[in-house]
Every structure is written in C-alpha cells, then in structure tokens.
Amino acid sequence: MPLSNMRSNAAGWSEAAPGPPLWLLAELTYRCPLHCAFCSNPVDYARHTAELSTVQWCDVFSQARALGAVQLGLSGGEPLLRKDLEVLVRHAHGLGFYTNLITSGVGLTDARLAALRDAGLDHIQLSFQDSTRELNDFLSSTRTFDLKQRVARMIKAHGYPMVMNCVLHRHNLPHVGTIIEMALQMGAEYLELANTQYYGWAWENRLALLPTHEQLREAEAVVRQYRARIGRQCQILFVVPDYFEARPKKCMNGWGTTFLGVAPDGTALPCHAARMLPGLALPNVATQGLREIWTESDAFRRFRGTQWMQEPCRSCDQREQDYGGCRCQAFLVTGDATATDPVCERSGAHDKVSEIVLQGRLAVAQAREQAMVFRSDGNSLRLSSGQR
C-alpha cells in the first residue's frame, strides 16, 4: 500500500486511510410512542433530549454525501415524530441518497405517505413485534397491531417496496411460520427476522428474552422450508443471535469502515450502541465536520482495522474476517471494550456467554418468567443511575 494511504494514530501504530462511510443512519429523535423491551436506543436516552434542527440535519446529509455515503436510514425512536421529515427526505433525495424510512408505522397516514412519496422517499421498513395482536401489543406496551396492519396496506397502495422487520426472541420464535405468512399476505418483498442482539434494553431483559437452542433450530428449519417453497416471492433474512454462534460477526461490517451513525443530538457514532463504551470521546456534528470525524477522530479510529487488538485476536487467522467482533458486547460481558468478543469460542470469557445462555435455558425449563423492563422515560432515568 502506498505510504500516502497509511497514517499513524495516537497509539503509534499505522492504519490504512478509510474508504467512505457508505451507510448513514440518521437517528432523528429518541422520542417514540412504543415501549419495546428490546429497544436499540441507549438505556439512558431520557438524558439526551436535544435534537438537531432541520438545517443541521440537511447539512449533515450534504457532508455525508460529499464523503461518498449512498444509503440513508431515517430512524429513531420514531422518525415520524419529526414534523420536518418530508423536508429532510426531499433534501436527501436531491443529493442522490437512497432513502429508507425505518418506522413503527405510528403516525403514518395516507396523506403523509403521499407527501413522503412526493418528497422522494425510496423505501419503508415497517416493524412488527409478532403475528398476534396480543403479543405484538404486549411487547411494545401499546395497542398498535391493528394500526400496523392498516399501515402495511397503505404502504403497498402507494406502490412502495416494503421490508417487514420482526425482532425475534424466546416469546415469538415459535411463531416464525405465522410471521412469515403475515408478511406474505401483506405483500412484503423482504422479511427481516432479526434475532435479538443483547445490548441496550435487550441486555437489561436478556434472561426474559433469550431463546433455547431448540427454539432456534426449529425456527431455522421453518425458514428453510418457506424459502424453498416461495422462492423469490419474498426474501427472508434470518440472523442468528451472537450468543448462539461460535464465531463473532463483524461490528457494523468493521468499525469505522462502512457505517456512520448520527444520534438526535448530533453525536457521531461508529455503531449505534457506542454511547455505552467508557473512555470513548464521541465527536459531535454540531462542532466538527463529518470528514474530520470520519478520518481523524479517535472514536472512529479506536477499533478500526486490526492493530488495536489483544490476544487471541492479534494472532488469529480470522482477524480480517471478524475484526474482533462486537465492542459493545465485549464491554458488557467482560467489562473491557478492547477484549475479544466473548461469543468467540477462542475468547477466555466465552464461558460467561455460555453461562448467560444456560441461565436463560433454566428459566424456560423451570417456567420461571423473568420480569421485563419496558422502555420508558422513567425506566431510562432509573437504569442510567445504576439502579439495575
């Protein structure tokens, strides 16, 4: 590699200059009408109430596009709570982004869909919690199942391609077949069956959400049967939770290589859960330009590449494939964000993951229901104060 493409960071080791952040995730707000027990927002979100203005978000989009970003996810919280959503979509569309609205559907009316279509919105991902009204509404602590059904019909009526998303766990894995049937009836082109990854609110509720190996195997078998039967009618993505794998997955396709997240208050994130990591000085788009953040900030360079790694990652022949795995997972399980992802069978802390899985299995076997902590402002403040 030419020397012009190599740099040294504050720790003294050389790193390759990064390519562009291809995927920009704009978390427009942490406000949300749902109270999901596996929400991916930080558990202390109620302490982060500031939101970028319309002008600031448009500037972020312009800077990201100039850096080379091509896909824009509009997320939250619930992005429909932003009254300027259509303005933001129109600006992003004008820049040439492929825009994807990630929504619960709450607040999406026929008139608003038409306005978003006119603004240039390309794609909508609609979340469900289950294929039954009872469990869907329980898991979100809202009465939204019937509303989501209506929104799904509206999305198709406006000619949109649709991704249906359902987060899987112990309570709804046995319903995978009926979830797929629901997606087919709605005309979804893509179905993302995203097994829960255990950080954020899901970490707080891990013993209530962890499935058994048997549940996962049975669900995977159902997915394989449907894939063989329906072909390309609907593409089904089934993501196995890390805790049930022997090898870790890349963190966001490699820390600081593909993904750039921006939180509601402008905090720039190498992964959407990075706020939890201690000692990571996260930059803010209100005070720094995106190019500087992406190429020069310590937060985005901290775990980029492989030279930061400890053993056994440093000498592992898989280090260029998994880049050490998930930093947030490493921190939550081991207390050390630089440690090997403990889901890896080569990690010295792998037994801690096995113990968590065993605790979840025992809870199922003994029919011992674990109380769940639902996302709410009050719980957010309580958990962020360490009262767990």
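Me: Why are α4 and α5 called roughly perpendicular to each other?

Reply: In this predicted model, helix α4 (residues 133-140) and helix α5 (residues 145-157) pack at an angle of about 105°. Roughly perpendicular covers 65 to 115 degrees, so α4 and α5 get that label. Their axes are 9 Å apart.

Me: And what makes the contact between α4 and α5?

Reply: On the α4 side it's R133, N136 and D137, and on the α5 side F145, D146 and K148. Contact here means heavy atoms within 4.5 Å.

Me: How do you know that strand β4 is largely enclosed by the rest of the structure?

Reply: Count its buried residues. β4 spans residues 71-75, and four of those five are buried, so the strand is largely enclosed. Buried means under 20% relative accessible area.

Me: What makes β3 and β4 a strand pair?

Reply: A pair needs at least two bridges. Five bridges join β3 (residues 23-27) to β4, and the two strands run parallel. As for a bridge you can look up, E27 has S75 of β4 as its partner.

Me: How do you know that β4 also pairs with β5?

Reply: Same test: at least two bridges are needed, and four join β4 to β5 (residues 98-103), again in parallel. Look at Q71, which stands opposite Y98 in β5.

Me: Which helices go with these strands in the right-handed β-α-β units?

Reply: Helix α1 (residues 54-67) makes one such unit with β3 and β4. Helix α2 (residues 85-95) makes another with β4 and β5. Right-handed is about the path from the first strand over the helix to the second, which runs clockwise with the strands pointing away from the viewer.

Me: Why is V343 called buried?

Reply: The cut-off is under 20% relative accessible area, and V343 has 0%, so V343 counts as buried. V343 is placed in the loop between α13 (327-334) and α14 (350-365).

Me: What is V343 in contact with, leaving aside its neighbours within four places in sequence?

Reply: Its partners are D242, Y243, E245, A246, R247, P248, Q329, H350 and V353.

Me: How far is V343 from A92?

Reply: V343 and A92 are 38 Å apart in space, C-alpha to C-alpha, and 251 residues apart in sequence.

Me: What does UniProt list for residues 18-229?

Reply: An unreviewed UniProt entry gives "domain: Radical SAM core" for that span. In the model, residues 18-229 are 43% helix and 17% strand, with the end C-alpha atoms 42 Å apart.

Definitions and conventions:
Residues numbered from 1 in each chain as written. Predicted model: local features only at pLDDT ≥ 70, side-chain atom pairs only at ≥ 80, totals over all residues. Heavy atoms only, no water. UniProt positions renumbered as here; feature names shortened; annotations may be inferred. Buried < 20%, exposed > 50% of the residue type's maximum accessible area, 1.4 Å probe, protein only. Axes fitted to C-alpha atoms, helices over the stretch in contact; angles between N-to-C directions. Parallel < 35°, antiparallel > 145°, perpendicular 65-115°, else oblique.
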